[in-house]
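Hi,

Here is the structure I promised to pass on.

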Amino acid sequence: MAYLARAERRRSIVEAAAAVVERDGLSAVTARIVADELGGSQGQIHHHFASTEELAAEAWRHYAAQQIDEYERNVGGLDAYDALVLFFADLVSTDGDGHALARWAEAGAHAQQRPLVARSYVETLARLTDVLAAVLAGDSEAAQARTAAWRILMLGVGLAGLTRITEDSPVPARDVMLSAIGAETGRR
């Protein structure tokens with residue numbers, strides 16, 4: 001491992017941990033796995049982070065920011081319905097598996113047990129809600145758009161979590177999600 005300044009080393013560790021989150025989920029963020037991803041030692045991880053929980057919180061924050069930034073880049077020019085279908089694509093497409101949104105569901109489960117993860121999860125949910133509210137705003141009031149964004153986001157995260165638990169849902173997640181997107185955008 002080449003010498004890097006402290007801030008740069010810490011950033012590289014967070015980036016490696018975020019890659020682990022994307023590939024394997026937040027549960028996989030351990031000093032050993034992140035060190036392997038980075039090509040370094042566990043000692044480097046422990047030197048820069050007081051705990052695995054701190055590392056997981058930073059990894060989640062970085063991963064979520066990347067996902068939100070990418071969505072914002074891709075949503076320009078789309079109407080609200082198409083923009084929401086794009087965001088919830090892994091639930092509503094016929095070949096979707098709920099993978100990306102399942103990361104949010106998993107982070108929510110970790111947030112219930114780990115205070116540092118909870119803080120980063122709530123921060124990223126607030127930012128994502130703002131982005132989805134901007135998509136929904138159109139002619140509606142900002143407060144109404146924010147409430148609608150929160151409602152549809154929580155539904156999507158819940159459905160994604162369910163798709164990771166069972167393939168035998170009483171109603172297909174795709175149908176529920178498309179119905180909700182239609183209801184929130186006035187397009188059925």
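Predicted model: local features only at pLDDT ≥ 70, side-chain atom pairs only at ≥ 80, totals over all residues.

Residues are numbered from 1 along each chain as its sequence is written, and side-chain values use heavy atoms, with hydrogens and water left out.

Back to Leu-38, which sits in helix α2 (residues 31–38). Helices here are DSSP runs (H or I, at least four residues), numbered from the N terminus. Leu-38 and Glu-15 are 23 residues apart along the chain, and their C-alpha atoms are separated by 8.8 Å.

Glu-15 also turns up in the packing of α1 on α4. The axes of helix α1 (residues 6–24) and helix α4 (residues 52–75) come within 8 Å and cross at roughly 70°. Axes are lines fitted to C-alpha atoms, for helices over the stretch in contact, and angles run from 0 to 180 degrees between N-to-C directions. That makes α1 roughly perpendicular to α4; the classes are under 35 degrees for roughly parallel, over 145 for roughly antiparallel, 65 to 115 for roughly perpendicular, and oblique for the rest. On the α1 side the contact (heavy atoms within 4.5 Å) includes Arg-10, Ile-13 and Val-21, and on the α4 side Leu-55, Trp-60 and Tyr-63 are among the partners. The contact residues of α1 with α4 divide into nine nonpolar, three polar and five charged.

Now the aromatics. Which residues form one aromatic cluster? Trp-60, Tyr-63, Trp-104 and Tyr-121 do. The structure holds six aromatic pairs, where rings of Phe, Tyr and Trp (its six-membered ring) pair if their centres lie within 6.5 Å, with planes under 30 degrees apart counted as stacked, over 60 as edge-to-face and the rest as tilted. The Tyr-71 and Phe-87 rings have centres 5.1 Å apart and planes at 75°, so this pair is edge-to-face. It links distant parts of the chain, with Tyr-71 in helix α4 and Phe-87 in helix α5, 16 residues apart. Both Tyr-71 and Phe-87 are buried. Phe-87 and Phe-88 are edge-to-face as well, because their ring centres are 4.8 Å apart and their planes stand at 85°; both of these residues are buried.

Gly-77, in the loop between α4 and α5, counts as exposed because its relative accessibility is 84%.

On to α7 (residues 99–111). Its buried residues include Leu-101, Trp-104 and His-110, and what covers the buried residues of α7 includes α1, α4, α5 (80–87), α6 (89–92), α8 (115–137) and α9 (142–165).

That brings me to α9, which has 24 residues and reaches 35 Å from its first C-alpha to its last, close to the 34 Å expected at 1.5 Å a residue. The expected span is 1.5 Å times one less than the number of residues. Among the buried residues of α9 are Ala-145, Ile-152 and Val-157, and its buried residues pack against α5, α6, α7, α8 and α10. Ala-143, also in α9, is partly exposed, with a relative accessible area of 48%.

Finally, α9 and helix α10 (residues 173–185) pack at about 175° with their axes 10 Å apart, which makes α9 roughly antiparallel to α10. Ile-152, Leu-155 and Leu-159 are among the α9 residues that meet α10, whose side includes Val-176, Met-177 and Ile-181. The residues of this α9 contact with α10 divide into nine nonpolar, two polar and two charged.

Cheers

Methods
Helix = DSSP H or I, 4+ residues; strand = E, 2+ residues; numbered from the N terminus. Nonpolar A, V, L, I, M, F, W, Y, C, P; charged D, E, K, R; others polar. Buried < 20%, exposed > 50% of the residue type's maximum accessible area, 1.4 Å probe, protein only.
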